[in-house]
Amino acid sequence: MYRPNGNLVRSFVRRSFCTVADGNLDTSKVQIFDRHLKRKQRDRAAWLLNRKDSLVNTVADNLVDRLEDVKKTFPSALCLGGSLEAIRRSVGGRGGIEKLIMMDSSYDMVKLCKDAEKDLSSDNIETSFMVADEEFLPVKESSVDLVISCLGLHWTNDLPGAMIQSRLALKPDGLFLAAIFGGETLKELRIACTIAHMEREGGVSPRISPLAQVRDAGNLLTRAGFTLPGVDVDEYQVRYNSALELIEHLRAMGETNALVNRVKFLKKDTALAAAAVYESMFAAEDGTIPATFQVIYMTGWREHESQQKAKRRGSATVSFKDIQKEFGVTAAAVDNLTGSLCSTCTPLCSSPPSTAKPPPSPPAVTFKPLPSPPAVPSRPPPSPKPVHKAPPPPRFYYFDSPLDVVPPPPTYISSGGSGNNHGPPSPRFVYFPSTQPAGGGGPGGFGQNSYPYPYPYYMYDSKAASWSA
Amino acid sequence: MVRGSRVGVEISKSLTQILVCPLSKQPLRLCEKSNSLISDTIGVSFPIVEGIPCLVPRDGEIIETEDTPSDRKADETTQE
């Protein structure tokens, strides 16, 4: 098949390309992912594509569903790479999309979508196809109403840059919808790989890419300049018959490792050990293993006059004192008011009015509406606190510089029988049983003082926890 | 979309209206002879394969003109 990078022609004509053949395009300061390898992996994913992949279809459907929550229609839409094909199938006329531009960095994926287009021609959507990189978006400013990216942006080196370019491509009052994998994704695989790697080879190398945390998603949106940002999280648990099936699924989605500092080979022993550890640690009663996929959905709009905005600082016409005079007759009301709203009040404010005085007459000021609160990025809802009041879950540190990171002291160790004393564990916790598991010790120094992992050591107790959530 | 004898040139009107160079964000020029989109500001041509323009910077080829040898201008632009 003719490859667009001119391999065929290169043997006859000496041409120079605008990037060096071996190196990566080095404009971003941080080079985490190998984009060229990612293109090749997505080529392979195009060939392995499974149209009935429930995870991808669910995420795509969920993302496109958000269009129905909005009254505005989006005549022209740009779909950045990821699960292009699933998005195309879910769109089906929702959101009033008439022109859809499908974009991916892999030529084979775009070709696949183009060939599949004839099956979907009943939609009356005019589709165009192009091959481009999300970090170098070749779209003119203010040209599309909607930008959708489903599970594609977590492979960009410069995610804020990609989002800024998407924002520039949007018309005013245009919508940006993205779904990316979050930090909890494949945490079981991460644990299993680390343990197996440590046991077999005595060191760790990065196997799972760094993923955005939910708290960062809001910051990303505001940093890119989107107004009215919205973030929400969904966790999907997918069950597989074996760990190798999980890897096959990842390959079919094009989500395999593309880190720049990855180890380029994987020993058979290590791979089998990782699969065995995964199955022993996380298997359910019926022998299937779960894998967590945490998807963060991000929503942002390009600025427009019709959107609500915070008032200019200093334009308030009413002070809290006036509110107190108007409404705060009872002590409770005043306490509530001053305690929650007015932390810088003078002591005069906080003294409750004595009940001997007659109720104050309403002041002569006319009230203007209070200023709307400033547009802060919306926080995701706090995760439900477990019943036993354990401290917040630790972060999983990534393996770029394990020696630099000081692991936090082990904060929660159950005293055995973790299931009975403390209620059902949250599915995100794993607990440390009181007895050392037999397989946990490996070659050399796994004792409590010479602790090799960069994150606190939690072992999964399969009897205690349940995966019924 | 009708496929002519020169398949590469048929890109849709809606695409040509919104496409710009990925590196310089300047408008592109369609060159039918070489079947590519040319960005004049940086002197790079991006191929069009079967009606699909490939605008990944890595795929772009620096245009060699007769008087100047292949310049690494685009390299400097990309490695800023």
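Start by selecting chain B and colouring it from the N terminus on: its elements run α-β-β-β-β-β-α. That gives two helices and five strands in chain B. Keep in mind throughout that you are looking at a predicted model. Chain B has 80 residues, and buried residues make up 49% of them. If you display contacts in chain B with a separation of 6 or more, residues 24 or more positions apart account for 30% of them.

**Over to chain A**

Now select chain A, which has 469 residues, 47% of them counted as buried. Its elements are 14 helices and eight strands. Of the contacts in chain A with a separation of 6 or more, 81% come from residues 24 or more positions apart.

**Stop one: α2 and α5**

Select residues 35-48 of chain A, which is α2(A), together with residues 107-116 of chain A, which is helix α5. The two axes come within 7 Å and cross at roughly 30°. Angles under 35 degrees count as roughly parallel, and α2(A) and α5(A) are therefore described as roughly parallel to each other. Show side chains to see who meets whom: Arg42(A), Asp43(A), Ala45(A), Ala46(A) and Trp47(A) from α2(A) face Tyr107(A), Asp108(A), Met109(A) and Leu112(A) from α5(A).

**Stop two: α3 and α4**

Next, pick residues 54-65 of chain A for helix α3 and residues 84-91 of chain A for helix α4. Here the axes are 9 Å apart and the packing angle is about 50°. That angle makes α3(A) oblique to α4(A). Their crossing is right-handed. On the α3(A) side, the contact is made by Val56(A), Asn57(A), Ala60(A), Asp61(A), Leu63(A) and Val64(A). On the α4(A) side, look for Ala86(A), Ile87(A), Arg89(A), Ser90(A) and Val91(A).

**Stop three: α6 and α8**

Move on to residues 159-169 of chain A, which form α6, and residues 214-224 of chain A, which form α8. The axes of α6(A) and α8(A) come within 9 Å and cross at roughly 50°; these helices are therefore oblique to each other. Turn the view and you can follow α6(A) as it passes α8(A) in a right-handed crossing. Which residues make the contact between α6(A) and α8(A)? From α6(A) come Leu159(A), Pro160(A), Met163(A), Ile164(A) and Arg167(A), and from α8(A) come Leu220(A), Leu221(A), Arg223(A) and Ala224(A).

**Stop four: aromatic rings**

Time to look at rings. A pair of aromatic rings is described by the distance of the centres and the angle of the planes. Over all chains, there are five aromatic pairs. One of them is Phe33(A) with Trp155(A), an edge-to-face pair at 5.1 Å centre to centre with 75° between the planes. Are Phe33(A) and Trp155(A) buried or exposed? Both of these residues are buried.

For a stacked pair, select Phe176(A) and Phe226(A), whose rings are 4.8 Å centre to centre with 10° between the planes. Phe176(A) belongs to strand β6 of chain A, while Phe226(A) is in the loop between α8 and β7, so this pair ties together parts that are 50 residues apart in sequence. Phe176(A) is buried at a relative accessible area of 0%, and Phe226(A) is buried at 3%.

**Stop five: charges over rings**

Then select Arg66(A) and Tyr297(A): the charged end of the arginine sits over the tyrosine ring, 4.2 Å from its centre.

**Last stop: two backbone details**

Finish with the backbone. Ser142(A) is not a glycine, yet has a positive phi of about 50°. You will find Ser142(A) in the loop between β4 and β5 of chain A, where it counts as partly exposed at 32% relative accessibility. Asp173(A), also a residue other than glycine, has a positive phi near 70°. Look for Asp173(A) in strand β6 of chain A; this aspartate is buried, with a relative accessible area of 14%.

Key:
Residues are numbered from 1 along each chain as its sequence is written. Chains are lettered from A and ligands numbered from 1 in the order in which they are written. Side-chain values use heavy atoms; hydrogens and water are left out. Rings of Phe, Tyr and Trp (its six-membered ring) pair if their centres lie within 6.5 Å; planes under 30 degrees apart count as stacked, over 60 as edge-to-face and the rest as tilted. Helices (H or I, at least four residues) and strands (E, at least two) are DSSP runs, numbered from the N terminus. Buried means under 20% relative accessible area, exposed over 50%, partly exposed in between (1.4 Å probe, protein chains only). A charge sits over a ring if NZ of Lys or CZ of Arg is within 6 Å of the ring centre and within 35 degrees of the ring normal. Axes are lines fitted to C-alpha atoms, for helices over the stretch in contact, and angles run from 0 to 180 degrees between N-to-C directions. Angles under 35 degrees count as roughly parallel, over 145 as roughly antiparallel, 65 to 115 as roughly perpendicular and the rest as oblique. A crossing is left-handed if the near helix is turned anticlockwise from the far one by less than a right angle, and right-handed if clockwise. Contact means heavy atoms within 4.5 Å.
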